[in-house]
Amino acid sequence: MMERQPLNGFDGVEGLDDEFSLVYPSAISLKERTQQQRYQKLFWGSLAGNVVALVLAVVALVFALLGSPIEQQTGLDSKNQPSSPREISRVAFGSCSAYDVRPQPIWENAIIPSAPDAWVWLGDFAYLDDTLVRCSATPSAPECNCTATFMSYPPNQCLAGNLDTARVRMARQVNSPGYRAFLEYMCPGHGDKFLHPAPPQGSSPSVCPRPVLGVYDDHDWGWNNGNRRLPHKTEFKNLYLDALGEPASSPRRNANNGIQTSYSFNQSPKGTPTSESKQIDLFITDGRFYRDTLPCQVRRNS
Ligand SMILES: *[C@@H]1O[C@H](CO)[C@@H](O)[C@H](O)[C@H]1NC(C)=O
């Protein structure tokens, strides 16, 4: 396995739930939150973002080149690929983890038992920008008190673009026990070790015989409904790619491009008839890195 640099924020997040309740004693419940119109907007915004963000084509192609059974078009390091990795048949998708990283039994109760051969994050792996306190009840909380800018406006959007918060939030999701159990299923032998120094390389069949892949959406981007104007966007992008276990050398990390990419599973030899090909091509697009700003008249609620 490729050695990785330790990542700021991925170490030492233990006792997640205890720490969480200590740090965020007034965290609001999902029930309370759904009463807020803002949350509904946020939910639908995320959903629309996911649909736009990811054009997913799962197509068997006869035009395949001979190649490794999982191949990434944008230059995935293929040196570690084993000669006979698992065939990919059942591809699972998911998005929108609980914003407050509450316990996530869905991993062990539903996702692992469904035995996915591959997993694709469709966005909002972690919510980096949401306040965890109820700002109407605690207006003096630092995360509710900021000067309005083009991306942060009080009280609920003060954390937009805050890299320090983002690192903590991302580490919490990566280290949440349910997700670790999931990673141990997808990447046997790595679920417990991945903190040291980093999550397992999700696209490497030798590390994760069941690949863990994906793309961010706005909350992973650190800015609700955010766009290309995000300051420090390379840092935010790499924070996400760190969480995904993207190799340090990946072109997805380049400062001048987004994280769009594609993968091929079960590559068929050239000339294989469609009926016999088990090849799956997965196309991931990036709906944030290049995204234009909204027109002025719709940029603010008020
Ligand atoms: C918000 O912060 C400013 C500057 O630190 C402070 O003067 C103000 O009292 C704070 N507002 C609230 C509601 O706590």
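Trainee: How many residues does H7 have, and how far does H7 reach from its first C-alpha to its last?

Mentor: H7 has twelve residues and reaches 17 Å from its first C-alpha to its last, close to the 16 Å expected at 1.5 Å a residue, where the expected span is 1.5 Å times one less than the number of residues. Helices here are DSSP runs of H or I with at least four residues, strands are runs of E with at least two, and both are numbered from the N terminus. Before we go on, note that this is a predicted model, in which local features need pLDDT of at least 70 and side-chain atom pairs count only at pLDDT 80 or more, while totals for chains, interfaces and linings use all residues. Residues are numbered from 1 along each chain as its sequence is written.

Trainee: Is H7 mostly covered or mostly open?

Mentor: H7 is mostly covered, since nine of its twelve residues are buried, where buried means that 20 or more other C-beta atoms lie within 10 Å of the residue's own, exposed means 12 or fewer, and partly exposed is in between, with C-beta atoms placed from the backbone. The buried residues of H7 are Lys233, Phe236, Lys237, Leu239, Tyr240, Leu241, Asp242, Ala243 and Leu244. Just after H7, glycine 245 takes a positive phi of about 80°.

Trainee: What do the buried residues of H7 pack against?

Mentor: They pack against H5 and E4, with a contact defined as two C-beta atoms, placed from the backbone, within 7 Å. H5 and H7 pack at an angle of about 10° with their axes 10 Å apart, the axes being lines fitted to C-alpha atoms over the stretch in contact and the angles running from 0 to 180 degrees between N-to-C directions. That makes H5 roughly parallel to H7, given that angles under 35 degrees count as roughly parallel, over 145 as roughly antiparallel, 65 to 115 as roughly perpendicular and the rest as oblique.

Trainee: Which residues make that contact?

Mentor: On the H5 side they are Leu163, Ala166, Arg167, Met170 and Val174, and on the H7 side Glu235, Phe236, Leu239 and Ala243. Leaving out residues up to four places away in sequence, alanine 243 touches Phe125, Met170, Val174 and Pro199.

Trainee: And the largest nonpolar core, how many residues has it got?

Mentor: It has 47 residues, and those with the most contacts inside it are Val120, Met170, Met186, Val212, Tyr240 and Ala243; such a core is a set of buried Ala, Val, Leu, Ile, Met, Phe, Trp, Tyr and Cys residues joined through C-beta atoms within 7 Å. The largest share of this core, six residues, comes from H7.

Trainee: Let's switch to H6. Which of its residues are buried?

Mentor: In H6 the buried residues are Gly178, Tyr179, Phe182, Leu183 and Met186. They cover an arc of only 140° around the axis, judged by the directions from the helix axis to the C-beta atoms, and this puts them on the same side of H6. An α-helix has 3.6 residues a turn, so residues three or four places apart point the same way. The partners of the buried residues of H6 are H4, E3, H5 and E4.

Trainee: Is asparagine 266 buried or partly exposed?

Mentor: Asparagine 266 is partly exposed, with 18 other C-beta atoms within 10 Å. Its place is in the loop between E5 and E6, and asparagine 266 also has a positive phi of about 50° although it is not a glycine.

Trainee: Last one, how many helices and strands are there in the protein?

Mentor: The protein has seven helices and six strands, running α-α-α-β-β-α-β-α-α-β-α-β-β from the N terminus on. Of its 302 residues, 39% are buried, and among contacts between residues at least 6 apart in sequence, 75% join residues at least 24 apart.
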